[in-house]
Amino acid sequence: QVQLVEYGGGSVQAGGSLRLSCVASGRTFSSYTMGWFRQALGKEREFVNALKWIGGSTYSTYYADSKKGRFTISRDNAKNTLYLQMNSLKPEDTAVYYCAASGPGRLNSDFVHTSGAYDYWGQGTQVTVSS
């Protein structure tokens, strides 16, 4: 069982930056595929980005096209922590942001964008961007 806890949400003005953190329990964090999703009020949960474990210390990075360039995913395996750096924030980035995890070898590359493919979810953290 993996538990995920997100930190770092808050309110920011348009053009600002935030960094979200997701701390995971468990001793095999490094081999998990980790992703960020977000859900705006009244909308479906959407994929932001993900780091898929390939083997050893190698990961593939996946981004939603609309998030590429402004949002950066990274991880610190020594701290069991996933990060989401968000720059040049826009009001339309307002949402609850969730981190998600999938166990080693369980998530095919074709499904990294699919929320249903992940096994574990954090409780979410609210990000509000004002104009």
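**A tour of the salt bridges**

A search of the whole structure finds four salt bridges (a side-chain nitrogen of Lys or Arg within 4 Å of a carboxyl oxygen of Asp or Glu). This is a predicted model, in which local features need pLDDT of at least 70, side-chain atom pairs count only at pLDDT 80 or more, and totals for chains, interfaces and linings use all residues. Residues are numbered from 1 along each chain as its sequence is written, and side-chain values use heavy atoms, with hydrogens and water left out.

Start with the whole chain. Colour by secondary structure: there are 11 strands and zero helices (DSSP runs; strands, E, have at least two residues, helices, H or I, at least four, numbered from the N terminus).

Now select Arg38. This residue is buried, at 8% relative accessibility (buried is under 20% relative accessible area, exposed over 50%, partly exposed in between; 1.4 Å probe, protein chains only). Glu46 is partly exposed, at 31%.

Arg38 sits in strand E4 (residues 33-39), while Asp93 lies in the loop between E8 (81-86) and E9 (95-102), 55 residues apart. Asp93 is buried, at 1%.

Last stop: Arg106 and Asp119. Their side chains form a salt bridge of 2.9 Å, N to O. Both lie in the loop between E9 and E10 (120-121), 13 residues apart. Arg106 is exposed, at 58%; Asp119 is partly exposed, at 30%.
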